[in-house]
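Colleague: Before I use these labels, I want to know what stands behind each one. Please take me through the cut-offs.

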Amino acid sequence: MRKLPSLSMLRVFEETCRTLSFSKAAEALFITQSAASRQIKQLEAFLGKLLFIRSYSGLALTQDAILLLPRVRQSLDILEEGIQQVQLHNPLQHLRLQVAPTFATRWLAPRLVALRRRNSQLQIALISETRQKYCDFDCAIRFGEPADCAISGEWLCHERLVLVGSPLLMVNEVFPPLHTQTQLHILNGDIRLDNWACWLAAAGQVIAGQQSGLEFSTQDQVINACITGAGYAVLDRLMIRNELQSGLLVLLSPLELKSRNGYWLEIPAGKRDLPRVGYFHDWLQEEIVQLSQLPEPMSGMMAVV
């Protein structure tokens with residue numbers, strides 16, 4: 001038999017953490033303030049720990065409450081989803097995806113319309129990776145190296161790095177030399193990705209002052225900056241297909257480098273047998289295979305190295 005507090009205690013706890021007020025929590029849950037306060041006291045007695053510091057200025061969370069809150073939120077999210085599935089009588093509803101930002105914006109989002117056409121009852125929610133610790137999800141598409149997904153993931157594709165620039169930088173229809181332009185860099189957390197260093201090494205190029213340049217937190221931001229003529233960038237060709245086809249960006253060298261980084265699929269152990277997850281997995285694999293078979297646009301390529 002599980003030794004757990006009641007669901008009502010946990011709901012009052014979560015709402016009180018959100019509002020830092022017994023009265024506001026009670027109002028949100030349609031109970032009295034005294035009932036909310038009593039539920040918290042019962043939960044504290046069950047745990048043998050104080051969860052809130054009570055003062056004239058209001059409530060504050062204790063360290064034990066801060067530790068407990070993410071687990072309670074995630075558990076309530078999972079329970080809520082399970083109830084919704086039973087109510088809807090449709091196991092394909094409400095597919096919750098966590099996706100790396102640039103992959104979500106540049107690759108997945110434009111394809112979701114086609115996915116919905118194939119199955120109009122599949123409801124899709126894209127969840128920010130920053131909420132990973134607090135939200136339940138069905139599938140996640142992560143950015144990293146193959147070793148990152150060795151245990152719980154499935155590798156999808158490597159990045160294909162190319163050197164690009166905006167036609168706005170051209171002078172007399174010629175792109176300026178590589179060493180004269182600002183390098184646009186992508187950050188992975190607080191660490192700069194080595195796209196530039198790897199590409200230059202593969203091209204046999206040595207450029208002084210490689211520690212300079214502009215840094216951005218996502219590849220999507222670098223793409224947008226590059227389009228405006230902020231500098232040259234080494235980007236994943238799969239993420240800039242539309243920009244290359246439209247001429248917003250131009251390949252500056254024929255060299256295409258297979259990056260050690262790429263994208264992989266993570267499916268939590270408890271979600272692998274869900275029909276909606278299997279459906280998305282099969283569709284994603286089909287799209288990845290088709291993507292690898294498509295020819296890449298080569299028109300407009302102008303070597304600057």
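Predicted model: local features only at pLDDT ≥ 70, side-chain atom pairs only at ≥ 80, totals over all residues.

Modeller: Residues are numbered from 1 along each chain as its sequence is written, and side-chain values use heavy atoms, with hydrogens and water left out.

Colleague: What makes Cys226 buried?

Modeller: Buried means under 20% relative accessible area, exposed over 50%, and partly exposed in between, with a 1.4 Å probe and protein chains only. Cys226 has a relative accessible area of 0%, so it is buried. Cys157 has 12% and is therefore buried.

Colleague: How many disulfides does a search of the whole structure find?

Modeller: The search finds 0 disulfides, a disulfide being a pair of cysteine sulfur atoms within 2.5 Å.

Colleague: Why is H1 called oblique to H2?

Modeller: Helices are DSSP runs of H or I with at least four residues, strands are runs of E with at least two, and both are numbered from the N terminus. The axes of H1 (residues 7–19) and H2 (residues 22–29) come within 8 Å and cross at roughly 125 degrees. Axes are lines fitted to C-alpha atoms, for helices over the stretch in contact, and angles run from 0 to 180 degrees between N-to-C directions. Angles under 35 degrees count as roughly parallel, over 145 as roughly antiparallel, 65 to 115 as roughly perpendicular and the rest as oblique. The H1 and H2 angle therefore makes the pair oblique.

Colleague: Which residues make the contact?

Modeller: With contact meaning heavy atoms within 4.5 Å, H1 supplies Arg11, Val12, Glu15, Thr16 and Thr19, and H2 supplies Phe22, Lys24, Ala25, Ala28 and Leu29.

Colleague: What makes Glu287 buried or exposed?

Modeller: Its relative accessible area is 15%, so Glu287 is buried. Glu287 is found in helix H9 (residues 275–293) and touches Trp107 and Arg111, not counting residues up to four places away in sequence.

Colleague: How do you know that H7 is mostly covered?

Modeller: In H7 (residues 219–227), 7 of the 9 residues are buried. Among them are Val222, Ile223 and Cys226. Gly229, which follows H7, has a positive phi near 90 degrees.

Colleague: Which residues touch the most other members of the largest nonpolar core?

Modeller: Val164 and Phe280 do, in a core of 43 residues. A nonpolar core is a set of buried Ala, Val, Leu, Ile, Met, Phe, Trp, Tyr and Cys residues joined through side-chain atoms within 4.5 Å. Another core, of 18 residues, lies apart from it and includes Ala36 and Leu69.
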